[in-house]
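Hi there,

Here is the structure I promised to pass on.

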Amino acid sequence: MADIWNDDQPIYRQLYERVVRLILQGEFAEGDALPSVRQLSADYQINHLTVAKSYQALVDEGLVEKRRGLGMFVLAGAREHLLARERKQFLEQELPEVVARARRLGIDAEALQRALAHYQKENKA
């Protein structure tokens, strides 16, 4: 399982991002327990301190809470918090890059709007 990690960022950060993705996808809903530190450590064959650091980052962001003797649980509003963060990042960082690239390619705003409308129509079904 070691090949599931990449060298671009620390493993604890990659694990954090995986849990965030699972919350966004609804795999972990509000009130759900996360796998134990010991379980993830064994499953991914990584140090338990790495898992604990990842979980602490989730606690620090207000996405999960530690219940003494019970484990980590997804907090109410965690998914909405993450969606708001992702929307902001898209609108402030990613979309301007897309628009700049389209401009470099000679694609005007009308063409982008038509492509977006077509994409939405195709992906509605």
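Below is what I found in it, grouped by topic.

First, the ground rules. This is a predicted model, where local features need pLDDT of at least 70, side-chain atom pairs count only at pLDDT 80 or more, and totals for chains, interfaces and linings use all residues. Residues are numbered from 1 along each chain as its sequence is written, and side-chain values use heavy atoms, leaving out hydrogens and water.

On confidence: pLDDT (the predictor's confidence in each residue, from 0 to 100) averages 93 over the protein, and 97% of the residues score at least 70. The mean is highest in α3, at 97, and lowest in α5, at 91. The helices (H or I, at least four residues) and strands (E, at least two) are DSSP runs, numbered from the N terminus.

Now the core. A nonpolar core here is a set of buried Ala, Val, Leu, Ile, Met, Phe, Trp, Tyr and Cys residues joined through side-chain atoms within 4.5 Å. Buried means under 20% relative accessible area, exposed over 50%, and partly exposed in between (1.4 Å probe, protein chains only). The largest such core has 22 residues, and L34, Y55, L58 and L63 touch the most other members. At least two residues each come from α1, α3 (48-60), β2 (71-74) and α4, with α1 giving the largest share, six residues. With contact taken as heavy atoms within 4.5 Å, and residues up to four places away in sequence not counted, L63 touches Y16, V20, L58, F73, V74, L75, A78, H81 and L82.

Next, the rings. Rings of Phe, Tyr and Trp (its six-membered ring) pair if their centres lie within 6.5 Å; planes under 30 degrees apart count as stacked, over 60 as edge-to-face and the rest as tilted. By this rule there is one aromatic pair. Its partners are W5 and Y44, edge-to-face at 5.3 Å centre to centre with 70 degrees between the planes. The two are 39 residues apart and link distant parts of the chain, W5 being in the segment before α1 (11-24) and Y44 in helix α2 (residues 37-44). W5 counts as buried because its relative accessible area is 11%. W5 is also one of the contacts of Q14, together with I4, N6 and Q9, leaving aside neighbours within four places in sequence. Q14 is in helix α1 and is buried too, at 6%.

The charged end of K53 sits over the ring of Y12, 4.3 Å from its centre, and R67 lies over the face of F73, at 4.0 Å from the ring centre.

Most residues other than glycine have a negative phi. Q45 is in the loop between α2 and α3 and counts as exposed because its relative accessibility is 64%.

Finally, helix α5 (residues 109-122). Its 14 residues should span 20 Å at 1.5 Å a residue, and the end C-alpha atoms are 20 Å apart, which agrees; the expected span is 1.5 Å times one less than the number of residues. None of the 14 residues of α5 is buried.

Technical notes
A charge sits over a ring if NZ of Lys or CZ of Arg is within 6 Å of the ring centre and within 35 degrees of the ring normal.
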